[in-house]
Structure formats: C-alpha cells, structure tokens
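Work through the exercises below with the sequence and the 3D structure open. Try each task before reading its solution.

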Amino acid sequence: MNRLAALLLVVAVGMAGCGENLTTGPALYNRHCGACHGRGDLAGQVGPALGAGSEAAAMTDDEYRTVVREGAEDMPPNTRLTEEQLDKIISYVRDVQGP
C-alpha cells in the first residue's frame with residue numbers, strides 16, 4: 001500500500017501544473033516565451049530582452065507576429081499559437097514594456 005500511495009503522490013505532484021489557466025496573456029507568455037525571453041521584467045535569457053527600453057520594445061505588433069510565426073536567428077517559428085493567443089501575448093508584453 002505504501003508503494004501505491006507514493007505513486008499517487010508522484011502523479012498528483014506531476015499533474016499540479018496541468019490545470020494552469022493558459023488563457024491569459026501572462027500565462028501564455030510564460031508558457032511559450034518566458035524561458036528564453038525572461039519572466040516578469042522580460043529581461044531576456046537565451047533570447048533577447050523584450051522589456052522596457054529593449055530594441056524589441058520599438059517593434060510594431062505586426063513585426064512581433066512575423067518573428068513569432070517565421071522565427072528569427074536562433075528562435076524557431078511558432079505556428080501553434082492561435083491569433084487570439086498571440087494577441088494576448090503581445091498585449092501582455094506591451095503592458096510590461098509600459099508607456
């Protein structure tokens with residue numbers, strides 16, 4: 001019985017993030033962009049910074065869409081995001097970038 005309890009605990013912990021609400025801009029960004037471009041302040045990690053004062057902050061929304069869809073340099077293209085999801089990500093990035 002102890003093995004079964006341990007197995008159930010491992011499965012429950014593993015599934016804890018499965019219920020994450022991936023309908024908000026921040027959640028979508030963190031899931032699809034944050035590992036490379038940084039979470040929170042979008043300061044960059046593997047990929048370039050997207051936050052306030054970055055070169056990316058001067059890009060238009062259409063330029064963001066093109067980079068995401070077609071990729072750039074080391075960034076692979078992402079065609080899995082819906083237009084609505086991409087709009088939410090861009091909106092979140094713009095919010096973090098500020099005025």
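The model is predicted, so local features need pLDDT of at least 70 and side-chain atom pairs count only at pLDDT 80 or more, while totals for chains, interfaces and linings use all residues. Residues are numbered from 1 along each chain as its sequence is written, and side-chain values use heavy atoms, with hydrogens and water left out.

**Exercise 1.** State how many helices and strands the protein has, and what share of its residues is buried.

Solution. Helices (H or I, at least four residues) and strands (E, at least two) are DSSP runs, numbered from the N terminus. The protein has five helices and zero strands. Read from the N terminus, the order is α-α-α-α-α. Next, apply the term buried: under 20% relative accessible area, with exposed over 50% and partly exposed in between (1.4 Å probe, protein chains only). Of the 99 residues, 26% are buried.

**Exercise 2.** Describe how H2 and H5 pack.

Solution. Two packed helices are described by the angle between their axes and the distance between the axes. Axes are lines fitted to C-alpha atoms, for helices over the stretch in contact, and angles run from 0 to 180 degrees between N-to-C directions. For H2 and H5 the angle is about 95° and the axes are 8 Å apart. The two helices are therefore roughly perpendicular (65 to 115 degrees; under 35 is roughly parallel, over 145 roughly antiparallel, the rest oblique). Contact means heavy atoms within 4.5 Å. H2 contributes Gly25, Pro26, Leu28 and Tyr29, and H5 contributes Gln85, Lys88, Ile89, Tyr92 and Val93.

**Exercise 3.** Which aromatic pair does the structure hold, and of what kind is it?

Solution. Rings of Phe, Tyr and Trp (its six-membered ring) pair if their centres lie within 6.5 Å; planes under 30 degrees apart are stacked, over 60 edge-to-face, the rest tilted. A search of the whole structure gives one pair. Tyrosine 29 and tyrosine 92 form this tilted pair, at 5.4 Å between centres and 50° between planes. Tyrosine 29 is in H2 (residues 25–32) and tyrosine 92 in H5 (residues 83–97), so the pair ties together parts 63 residues apart in sequence. Both tyrosine 29 and tyrosine 92 are buried.

**Exercise 4.** Is serine 54 buried or exposed?

Solution. Serine 54 lies in the loop between H3 (34–37) and H4 (61–70). Its relative accessible area is 15%, so serine 54 is buried. The serine 54 side chain also reaches the backbone oxygen of glycine 51 at 2.7 Å.

Note on methods
A polar contact is a pair of N or O atoms within 3.5 Å; within protein, one must be able to donate a hydrogen and the other to accept it, and residues adjacent in sequence count only if both atoms are side-chain atoms.
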